Amino acid sequence: MQDFGNNRFPRLPYVLIGLGALCYLFGSFWGLFIAPPERFMGDLQRIMYVHVPTAWNWMLAVLFCFAAAIVFLFTNDLKWDARLDAGLEVGSLLAFMLCVQGSIWAKPTWGVWWDWDPRLTSVAVLLFAFLGIIALRRFVDDPRKRAIWSSVATIIASVDLPIVYMSVKWWNSLHQTQSSPDTVSSAFHIPLRVNAFAILFLMTGFIMLRARIASLRLANEVAPPPMIAERAGEMA
Amino acid sequence: MLRCMPELAIDAEGLSRRYGRRWALIDVSLRVPAGSVVMIAGRNGSGKSTLLRVLATAIRPDLGRAKVAGFDLLSHRQDVRNATALLSHDSYLYEALTARENLEIVRRENVMSILQRVSLADRADDPVSTFSAGMRKRLSFARVLMQDPKVVFLDEPYGQLDPDGAAMVDEVVRDLKSRGVAVLMATHQLERVGRIADQSLTLEMGRVVRP
Amino acid sequence: MIAALRKEILIQWRTRGQVIAVFIFGATSLLLFSFGVGPNAEVLRQFSAGFLWLALLLSSTLTLAESFHAEMENRALEGLLLLPTDPRALYYGKAVANWLQLSILGTALIPVMVVLYDAGTERVLALIGIVVLGTAGLSAPGTLYAAMTAQVRSKQTLLPLLLFPLIVPALLSSVKATSLVILGDPMESLRSWILLLVAFDAIYWALCGLLYERVVED
């Protein structure tokens, strides 16, 4: 069977996930129980220990998808399409989590579930864009076409992200002041950093596993080339 | 622009192409000298159309390499396209446009003379949607001629044509050959084309069985 | 490229019945929006810009999806690919033709908006200008995605699914700009929105043209 790569370090994803889970437990424990409550927001602010690291990693995921798409268009190597497939799904999951976390924070703070914060709104827009690309992939049978179109759509969506952010920021600035919690004083850095690495390890591990699955699916979709020996037998 | 014709119009080696799990073309090689006519025979589904489409750059081969009209099939696709023309199963025509307008998409000059050659001059300004199957075939043929190719790929050129139309095809192929254009024809009309072909090739299940 | 544009306009002119149908769809949408909100004239006037652009956006999915219909019959898209012409010429020809069609549609919907929502203004030229810039933003990525989805089943749902998240900046800018023209612009912010719109248009007309060839090749 043809191999589409993504299996150079078979054990590594599991190591990363294990490590990530441990760090996450550690960081979250610290953030929830050890770190002092914030001056103005009290215990509610603790969600930042999860929200901020998730946000950082989401941006990394988007960057990863953008890079994978570009590399695929230049190399035409389907292993990059497998990576893009993984990145899109993991990125969408992270985006969804960000929206949920944002809502959890917004309701007690502002009384509404969604407050059109520019950053979170941009995340939502990109979430829908990624979901659209994932849907597109389901409708295209030819692996090559699917890969090219996903890459093109991903590049267009990624380029759009900063523009979306700017436009929503201006749009919102006339009505509301900045409402997202982002200032974290130095006392809180440790759990933040630990969780950032935690989510990074988890994300990388999941992307690697998912890319491996995508590679296997590709290999299954695509039949092996016919044996040359067969032809020699026919000619004889 | 200087157009020099290489000795071999087509030099192909090991061409293979799959659709999902099915291999439509397996390890096909051929050499076609300039100005010769090649007949490609085989049952329906044997890979004739796929071979023509791969050589015309409509689709990419999964394996193998080729030089068509002197240009590499994989790295110089646009050059191959400029020098070749494909008469496909699909007519490539715009229903809402007239015969003349469809040809003008290729080039603005010489449209009427080519329409005359395929006996469609009197219908030049009628929309294609009013054309019969045979007339569409003639127009597709005209479209091929408009491109002034060095290598021509004809996929079942006699389909839907009446005896006059078939005679037109014969005449056009002879004329192309005399002008040094290589012609590859996938066809079921083995006797008719056999008379004019320099070389013949039979495909079965994607492989060459009788070169 | 002029030849490609000429061909596009010819085809669209021959099938012009379609344009009327899309206009009726757009006008009906404007009507339905007002039913959705209620007959409060003040409220309707305030949101008239939003309604106009939403109607235009929904109508654009019809126009864009239809724009590759001629290429799909008889596989003309492949036929064009095999000609000596630059594939980018086809993309820009179609994108410009779609842009023209959408601009005309948008301009035709302005009087409907004025009547239904009491959204009149003297600065009609400014309104048309915003329509032209905004539809340019819809047309560039829309034509690219229309080329993709035309080749796939379930194209009706895929096109809006892919396009809508993408054109958020163009939508926001167009609505904001239109609103400022209709309701007044106390803080002189119209210029920034127009600039954003122009930037969006420039970036996407360039980027989509660049990527088009990969989308139609096999």
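The legends below describe close-up views of a predicted model.

**Figure 1**
Chain B contains seven helices and 10 strands. Its radius of gyration is 17 Å, close to the 17 Å that the globule rule gives for 211 residues, so chain B is as compact as a globular protein of that length. Along the principal axes, the C-alpha atoms of chain B fill a box of roughly 45 × 40 × 35 Å. Of the 211 residues in chain B, 52% are buried. When contacts in chain B are limited to residues at least 6 apart in sequence, 71% of them join residues at least 24 apart.

**Figure 2. An open sheet of four strands in chain B.**
The strand order is β2-β1-β4-β5 in chain B, and the pairing is antiparallel. At the edges are β2 and β5 (71-72) of chain B, each of which pairs on one side only. Strands of a sheet pair through backbone hydrogen bonds, either parallel or antiparallel.

**Figure 3. Pairing of β1(B) with β4(B).**
Strand β4 of chain B covers residues 63-68 and is joined to β1(B) by five bridges. The two strands run antiparallel. Within this pair, B:D11 stands opposite B:K67, a residue of β4(B).

**Figure 4. The contact between chain B and chain A.**
Eight residues of chain B and six residues of chain A take part. On the side of chain B that touches chain A, the elements giving two or more residues are β1 (8-19) and β2 (22-33) of chain B. β2(B) gives the most to this side, with three residues. Sorted by class, the side of chain B that touches chain A has three nonpolar, two polar and three charged residues. Both β1 and β2 also belong to the open sheet of Figure 2, where their place in the order is β2-β1-β4-β5 (chain B).

**Figure 5. The contact between chain C and chain A.**
Here 23 residues come from chain C and 24 residues from chain A. Four helical elements of chain C, namely α7 (124-150), α8 (155-166), α9 (168-183) and α10 (190-216), each supply at least two residues of the side that touches chain A. α10(C) has the largest share of that side, with eight residues. By class, the side of chain C that touches chain A consists of 17 nonpolar, three polar and three charged residues.

Notes:
Residues numbered from 1 in each chain as written. Chains lettered and ligands numbered in written order. Predicted model: local features only at pLDDT ≥ 70, side-chain atom pairs only at ≥ 80, totals over all residues. Rg over C-alpha atoms; globule rule 2.2 N^0.38 Å. Buried ≥ 20, exposed ≤ 12 C-beta atoms within 10 Å, placed from the backbone. Contact = placed C-beta atoms within 7 Å. Nonpolar A, V, L, I, M, F, W, Y, C, P; charged D, E, K, R; others polar. Pairing = 2+ DSSP bridges.
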